[in-house]
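Please brief me on this model. Cover the backbone, the strands and the ligand site.

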Amino acid sequence: FLPHLIASLEQVDQTYIMVKPDGVQRGLVGEIISRFEKKGFKLTGLKLFQCSKELAEEHYKDLKGKSFFPKLIDYITSGPVVCMAWEGVGVVASARKLIGATDPLQAEPGTIRGDLAVQTGRNIVHGSDSPENGKREIGLWFNEAELCQWNPAQAPWLRE
Ligand code: UDP
Ligand code: MG
């Protein structure tokens, strides 16, 4: 009883993960989804989507003014992306670790960018950098009706 009560008080976070256009073009969608799925996080939203310039600019609004911003917007809007919402205790920080450093040449082997990419401007995947941004970005990319609440059968085998 007590352990369950304590476990239920743990913060369940959400993160927005996106396979960028280069990841889709390179046929890495399944591989990238698989990394998060195998880790044990819960998928709550998933779609292939061609985003507008306006949405890309809103998503990356904190980077407005950086020299690479126009190229970044061209890159993100250059083809379809795969939008995902993932949920779990510690999912935001853990997903950033699974993704690896922004510059794929600095990213550790074993990470998605470390294993599958070679340049910052083509780093194949996005992950939210805080629980607040996770919520903000999921709200930006998904409608409420596109998100599913469900109980994975494996839940008791992932967390005691
Ligand atoms: N980016 C870039 N050049 C840079 C820094 C960033 O093209 O010098 C791009 C890259 O696609 C990166 C995205 O802008 O993933 C967002 O940058 P951020 O610093 O937030 O990195 P991330 O959180 O994606 O690791
Ligand atoms: Mg970022």
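Ile-124 sits in the loop between helix H7 (112–116) and strand S4; helices (H or I, at least four residues) and strands (E, at least two) are DSSP runs, numbered from the N terminus. Its phi is positive, about 60°, although Ile-124 is not a glycine. Ile-124 has 0% relative accessibility and therefore counts as buried; buried means under 20% relative accessible area, exposed over 50%, partly exposed in between (1.4 Å probe, protein chains only).

**Model and conventions**
- This is a predicted model, where local features need pLDDT of at least 70, side-chain atom pairs count only at pLDDT 80 or more, and totals for chains, interfaces and linings use all residues.
- Residues are numbered from 1 along each chain as its sequence is written, chains are lettered from A and ligands numbered from 1 in the order in which they are written, and side-chain values use heavy atoms, leaving out hydrogens and water.
- The chain's average pLDDT (the predictor's confidence in each residue, from 0 to 100) is 96, and 95% of the residues score at least 70.
- For the complex, the predictor gives an ipTM of 0.99 and a pTM of 0.95.

**Strand pairing**
- Strand S1 (residues 12–19) has 6 of its 8 residues buried, so the rest of the structure largely encloses it.
- S1 runs antiparallel to strand S3 (residues 81–89), joined by 8 bridges; two strands pair if DSSP finds at least two bridges between them.
- Val-12 has Val-89 as its bridge partner in S3.
- S1 also pairs with S4 (residues 125–127), in the antiparallel sense, over 3 bridges.
- Here Val-19 has Val-125 as its bridge partner in S4.

**Ligand 1 site**
- The residues surrounding ligand 1 include Tyr-60, Leu-63, Phe-68, Leu-72, Tyr-75 and Asn-123; near means that a heavy atom of the residue lies within 4 Å.
- By class, this shell holds 5 nonpolar, 4 polar and 3 charged residues; Ala, Val, Leu, Ile, Met, Phe, Trp, Tyr, Cys and Pro count as nonpolar, Asp, Glu, Lys and Arg as charged, and the others, Gly among them, as polar.
- A side-chain N or O atom of Arg-96 lies 2.8 Å from an oxygen atom of ligand 1; a polar contact is a pair of N or O atoms within 3.5 Å.
- For Lys-20, a polar side-chain atom is 2.9 Å from a ligand 1 oxygen atom.
- For Arg-113, the distance from a side-chain N or O atom to a ligand 1 oxygen atom is 3.0 Å.
- Ligand 1 exposes 490 Å² when taken alone, and the protein buries 73% of that; the areas come from the Shrake-Rupley method with a 1.4 Å probe.

Terms used. Polar contact = N/O pair within 3.5 Å; in protein donor to acceptor, adjacent residues only side chain to side chain.
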